[in-house]
Amino acid sequence: MSKKTEANIVKRYKRFLKLERNFSQNTIDAYLNDIEKLLIYSADNGLDILTLKLDDLQHFAASLHDIGIGAVSQCRVLCGVRSFFRFLQLDGFRIDDPSELLESPQMGEHLPEVLSTEEVDMLENSIDLSKWEGQRNRAIIEVLFSCGLRVSELVSLKLSGLYLDEQFIRVMGKGSKERLIPISEKAIKELQLWFIDRNLMKIKPGSRDFVFLNRRGGQLTRTMILIMIKRQAIEAGITKTISPHTLRHSFATALLKGGADLRVIQSLLGHENISTTEIYTHLDETEIREEVLRHHPRNMKKDLS
């Protein structure tokens, strides 16, 4: 297959991800990056993606391990590969899908870190409110924890999507799907305090509707929020490895502990499949097991002193 034909297929695949799958640009870039690995492997081994067989894909999967790509990243790449071959079949480039029986590497169950409400308070209380960005950062942390937003949803949150009198917000999630999320009184209070500072800013054209801004009056980036939260965790003396997503996990875990139905949590998080939400039941089970081991009389070690 010529480079021109290959480039045309990739271009059509990109259009498919955008128009048919309605993916965000970040997700599209991730899928294209996965396919780039397959294209490089195929070119290095004299293979054609239109005639690749299952054996070829299995060797490709093994090559990912050989170059030091971890199991989680391998699974993501192979997910992208399966998506690509389904597209090739749907678009008539192939009559078969050799990736159907392609297995992903086995992984141990990884449970994400979560913060307790007390630890979130520690995070917020460690912020220096005398700094320009102090109140903004408190509001960011509280909204992430109170509403369970993805960081991409937070940086895109609009003033026009806030209904604070009614105590809910409207966010745009994955696949451009809107959802309504209740917002706590504490989060509303932190936002209103931030708006006092925000109203004094010179805001860039095109950024006026974004809730959270950088000091130059432009839209924040995901990286800025990641850096801020990691830095604040150090200031608060929190030794857990955390990120903006940790606050989303903490939101879901707190709801589950409070007795919320799993389907409600699924809706609030914007998960397409309930299986994605079920990880939080494992988190809860882990804590229950630890409590039993710590407090059940059959598990308590005798004091031999």
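## Arg-150

Arg-150 counts as buried because its relative accessibility is 9%; buried means under 20% relative accessible area, exposed means over 50%, and partly exposed lies in between (1.4 Å probe, protein chains only). This is a predicted model, in which local features need pLDDT of at least 70 and side-chain atom pairs count only at pLDDT 80 or more, while totals for chains, interfaces and linings use all residues. Residues are numbered from 1 along each chain as its sequence is written, and side-chain values use heavy atoms, with hydrogens and water left out.

Arg-150 sits in the loop between α6 (134-147) and α7 (151-155). Helices (H or I, at least four residues) and strands (E, at least two) are DSSP runs, numbered from the N terminus. The side chain of Arg-150 reaches the backbone oxygen of Gly-270 at 3.4 Å. Apart from neighbours within four places in sequence, the residues in contact with Arg-150 (heavy atoms within 4.5 Å) are Gly-173, Lys-174, Arg-179, Arg-248, Leu-269, Gly-270 and His-271.

## The sheet

Three strands make up an open sheet, ordered β1-β2-β3, with antiparallel pairing. Its edge strands are β1 (162-163) and β3 (178-182), each of which pairs on one side only. Two strands pair if DSSP finds at least two bridges between them.

Strand β2 covers residues 168-172 and is joined to β1 by two bridges, the two strands running antiparallel. Opposite Phe-168 in β2 stands Tyr-163.

## Lys-14

Lys-14 belongs to helix α1, which spans residues 3-20. With a relative accessibility of 38%, Lys-14 counts as partly exposed.

Setting aside neighbours within four places in sequence, Lys-14 is in contact with Gln-25, Ile-28 and Leu-32. Asp-29 is 15 residues from Lys-14 in sequence, and the C-alpha atoms of the two are 8.8 Å apart in space.

## The chain as a whole

The protein chain has 13 helices and three strands. Of its 305 residues, 42% count as buried. Among contacts between residues at least 6 apart in sequence, 56% join residues at least 24 apart.

The accessible surface of the protein chain comes to about 17700 Å², and carbon and sulfur atoms account for 52% of that surface. Accessible areas come from the Shrake-Rupley method with a 1.4 Å probe; for residues, only the protein chains shown count as cover.

Technical notes:
Polar contact = N/O pair within 3.5 Å; in protein donor to acceptor, adjacent residues only side chain to side chain.
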